[in-house]
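Please look over the structure below before reading the points.

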Amino acid sequence: MKRAEQVTFGGSGLNRAAHLRGDAAALAAARAHPKAACLLLWRGKPLVQGERLDRLSLVPMTHPLVQSGPGGAADGPVLLGLAQDEAPLFAADISAWQPEGQDLSGLGNFVDPTEQQHPDLPASHVFAELRRIMSRLSPRDAELAASAKAVIGWHETHRFCARCGAQSEMVQAGWQRSCPTCGGQHFPRTDPVVIMLITHGDSVLMGRSPGWPEGMYSLLAGFVEPGETLEAAVRREVMEEAGVRVGQVDYLASQPWPFPASLMFGCAGKALSRDIRIDPVEIEDALWVGKGEMMQVFAGEHPNLLPARKGAIAHFLLQNWLADTLD
Ligand SMILES: [Zn+2]
């Protein structure tokens, strides 16, 4: 798909500077670089600025908050890569900060509209939930935010060795953890998920999960299982959830989805049958939506259906299906 990388989090060709990760002297020099900067995250929320909160806010490495370290005081900041002017870019987690007198009611919710302002940072710079602002960021800022959120989230939940249970140590500038007790090496996880545009003639298969806002339907999706190809995962998920048989499957586009650590594989699949038989444990409803009707949905003029969330790959694939630009 020619437009594949135009999806939100589609990447900006960031130079991840992997050669610096294991080189202690080079890493120290990168941290001391006069232009080195750090993205701060607080409980998964990146620091952003601007009237529309459409830009990341990076602080100098000398800022006292950078010293906190992600996932624990012993860990240093994670090296994200090099900016175009070679300035090293890092990410640090300051989740230990306990805000006082601020709205924390949205924390952990699917949609968190609250913003938090740290007293040691400019008043216009706030921590905001990435899902809320993702489609406003530049491709570079989106890649930095997605990478930082995913890798810091991994450190937070993988502090102990999965082989022996001992506390592990962050190495490789944040891109690996190693176990001093058994020598186990652990790498940041990315969980593959297939999300599929299943068509039959001029219609697309849409489904909804229990608990979604009324009228919200999206493309079917599911985790790829060990030992399974993307194609097999597409066919299995669609059969399990909607009872529809799928023939040919083609890969379209991928999207890093740091909620918390997925990689979405957008696929197209041709349905061989049209009858729907849903699994009520997995989904609440599924239906075929014609192209004309989907155009109404996207225009916000459909009486019952809401469009997929902007920024999500489902929205991107449907939009390209409508525009006939899936090739
Ligand atoms: Zn171990």
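1. A cavity here is a set of points, on a 1 Å grid over the protein atoms alone, where a 1.4 Å probe fits but cannot get out. Grid points are joined across faces, edges and corners, and a volume is the space filled by probe spheres set on the points. By this rule there is 1 cavity of 30 Å³ or more.

2. This is a predicted model, in which local features need pLDDT of at least 70, side-chain atom pairs count only at pLDDT 80 or more, and totals for chains, interfaces and linings use all residues. Residues are numbered from 1 along each chain as its sequence is written, and side-chain values use heavy atoms, with hydrogens and water left out.

3. The volume of the largest cavity is about 40 Å³. M206, Y217, V289, M294, V297, L305 and L306 line the largest cavity (lining residues have an atom within 4 Å of a point). The lining comprises 7 nonpolar residues, with no polar and no charged ones (Ala, Val, Leu, Ile, Met, Phe, Trp, Tyr, Cys and Pro count as nonpolar, Asp, Glu, Lys and Arg as charged, and the others, Gly among them, as polar).

4. Between F259 and P260 the peptide bond is cis, with omega near 5°. P260 sits in the loop between β14 (246-257) and β15 (262-271); strands are DSSP runs (E, at least two residues), numbered from the N terminus.

5. R43, a residue other than glycine, has a positive phi near 45°. R43 belongs to the loop between β1 (37-42) and β2 (45-49).

6. E86, also other than glycine, has a positive phi near 75°. The loop between β5 (78-82) and β6 (88-93) holds E86.

Terms used: On a 1 Å grid over the protein atoms alone, a cavity is a set of points where a 1.4 Å probe fits but cannot get out, and a pocket is an open set with protein on both sides within 12 Å along at least five of seven lines; lining residues have an atom within 4 Å of a point. Helices (H or I, at least four residues) and strands (E, at least two) are DSSP runs, numbered from the N terminus.
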